[in-house]
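Biologist: Can you walk me through this model? I'd like to start with packing and then jump around a bit.

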Amino acid sequence: NDLLLLDYLAEYNFFNPKVGIAFSPARSQKFYFLAGIANREPTRGDIKDAIKTRTREEPSHETMLDLELGYSYNSNEWKLESNLYFMGYRNQLVSNGKINEYGYALMENVDKSYRLGIELNGGAKICRWLKFDANITLSTNRILDYVYWEEHYNSPDEWVATQQKAVNYGSTRIAFSPEIISAGVITFEPVQNLAVSFTGKYVGEQYIDNTERQMCRLDSYFVLNGKISYRLSVGHGYHAEFQFLVNNILNRQYINNGWTYEAHFDDGSADYLQQGFFVQPGINCMGRVVLKF
């Protein structure tokens, strides 16, 4: 709508090798290890936003080294899955905390970064009518040497861009990357085809940009949801499932997303800061019908 010419040409030639090995000492157990290199190009939206916002440089593709070591156990009564992973990045594309005029997150390349963590999944069938499932991810997600570019303008009355100044924050947490995410589900099946389940989800604190400043922090939150479902067979392989869901049963107020924008002025005026936070709804309910064929 601003009639800006988006003239861009790029060629990406990737080689993404992967190798893995698996070993099963018993029918119910499996160990595995995998390694791979993956490349990802910026999206058309990333390129468009970089040109429109006149960032310092055009976005480039990211390269990731992925190493994973896992173990799984499955039986009729319970299961356990664990996965230890390391993802080392060069030029990782991450959110910079800003959004464009349509609400899409703006991305930026960061030179060196990594994600290191462990994923655990488990479940147990306690009896015929009761089962429990849970998962947790513990991770460290860091940018090794983050440089934030401050935008400077003449004055609040004259928004003429003058320069961008580099501020080095050192090692920081990657935006929107909580260090702990966990969930648990308990399901009751009092009669055939009828199920009642409760799901609790916990998300640790996170940041809406990559500076790890307190003003950009989102608090951790816990949400409890419930669902009642009834499955009905209508013949010839067709099934209909009627569901009633109650979300955020505890009526918690929490925020799971946001954005930030700031500017600095060369005339000595106070800095400009604008932030938006997406407050999630309190207790709410809905019904739906799922048809399977």
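Biologist: What do the buried residues of H1 pack against?

Modeller: They pack against S4 and S5. Keep in mind that this is a predicted model.

Biologist: Which residues of H1 are buried?

Modeller: Asp46, Ile47, Asp49, Ala50 and Lys52.

Biologist: And which element has the lowest mean pLDDT?

Modeller: Helix H1, residues 44-53, with a mean of 84. Strand S10, residues 206-207, has the highest, at 98.

Biologist: What about the chain overall? What does the pLDDT average?

Modeller: The average is 93. At least 70 is reached by 99% of the residues.

Biologist: Back to the strands. How do S4 and S5 pair, parallel or antiparallel?

Modeller: Antiparallel, over 18 bridges. S5 covers residues 105-127. One of the bridges has Ser82 facing its partner Leu120 in S5.

Biologist: What sits between S4 and S5?

Modeller: Five residues, in a hairpin. Gly103 is in that turn, and its phi is positive, about 95°.

Biologist: And on the S3 side, how many bridges join S3 to S4?

Modeller: There are 12, and these two strands run antiparallel. S4 spans residues 78-99. Asp66 has Met87 in S4 as its bridge partner.

Biologist: Switching to aromatics. How many aromatic pairs does the count come to?

Modeller: The count is 12 aromatic pairs. Take Phe31 and Tyr71: the ring centres are 4.7 Å apart and the planes are at 45°, so the pair is tilted.

Biologist: Which parts of the chain does the Phe31 and Tyr71 pair tie together?

Modeller: Phe31 is in strand S2, residues 29-40, and Tyr71 is in strand S3, residues 62-74. So the pair links parts that are 40 residues apart in sequence.

Biologist: Is Phe31 buried, partly exposed or exposed?

Modeller: Partly exposed, at 38% relative accessible area.

Biologist: Which residues form an aromatic cluster?

Modeller: Tyr153, Trp159, Tyr261, Phe265 and Tyr272 make up one cluster.

Biologist: And which ring does Arg213 lie over?

Modeller: Tyr148. Arg213 is over its face, at 5.5 Å from the ring centre.

Biologist: Now Ser155. Where does it lie?

Modeller: In strand S6, residues 130-155. Ser155 is buried because its relative accessible area is 12%, under the 20% cut-off.

Biologist: What is Ser155 in contact with, leaving aside neighbours within four places in sequence?

Modeller: Phe265 and Asp267. Phe265 also belongs to the aromatic cluster.

Biologist: How far apart are Ser155 and Gln280 in space?

Modeller: 36 Å, C-alpha to C-alpha. In sequence they are 125 residues apart.

Biologist: Is Cys216 buried or exposed?

Modeller: Cys216 is buried, with a relative accessible area of 0%.

Biologist: And Cys285, buried or exposed?

Modeller: Cys285 counts as exposed, at 53% relative accessibility.

How values were computed. Residues are numbered from 1 along each chain as its sequence is written. This is a predicted model: local features need pLDDT of at least 70, side-chain atom pairs count only at pLDDT 80 or more; totals for chains, interfaces and linings use all residues. Side-chain values use heavy atoms; hydrogens and water are left out. pLDDT is the predictor's confidence in each residue, from 0 to 100. Helices (H or I, at least four residues) and strands (E, at least two) are DSSP runs, numbered from the N terminus. Rings of Phe, Tyr and Trp (its six-membered ring) pair if their centres lie within 6.5 Å; planes under 30 degrees apart count as stacked, over 60 as edge-to-face and the rest as tilted. Buried means under 20% relative accessible area, exposed over 50%, partly exposed in between (1.4 Å probe, protein chains only). A charge sits over a ring if NZ of Lys or CZ of Arg is within 6 Å of the ring centre and within 35 degrees of the ring normal. Contact means heavy atoms within 4.5 Å. Two strands pair if DSSP finds at least two bridges between them.
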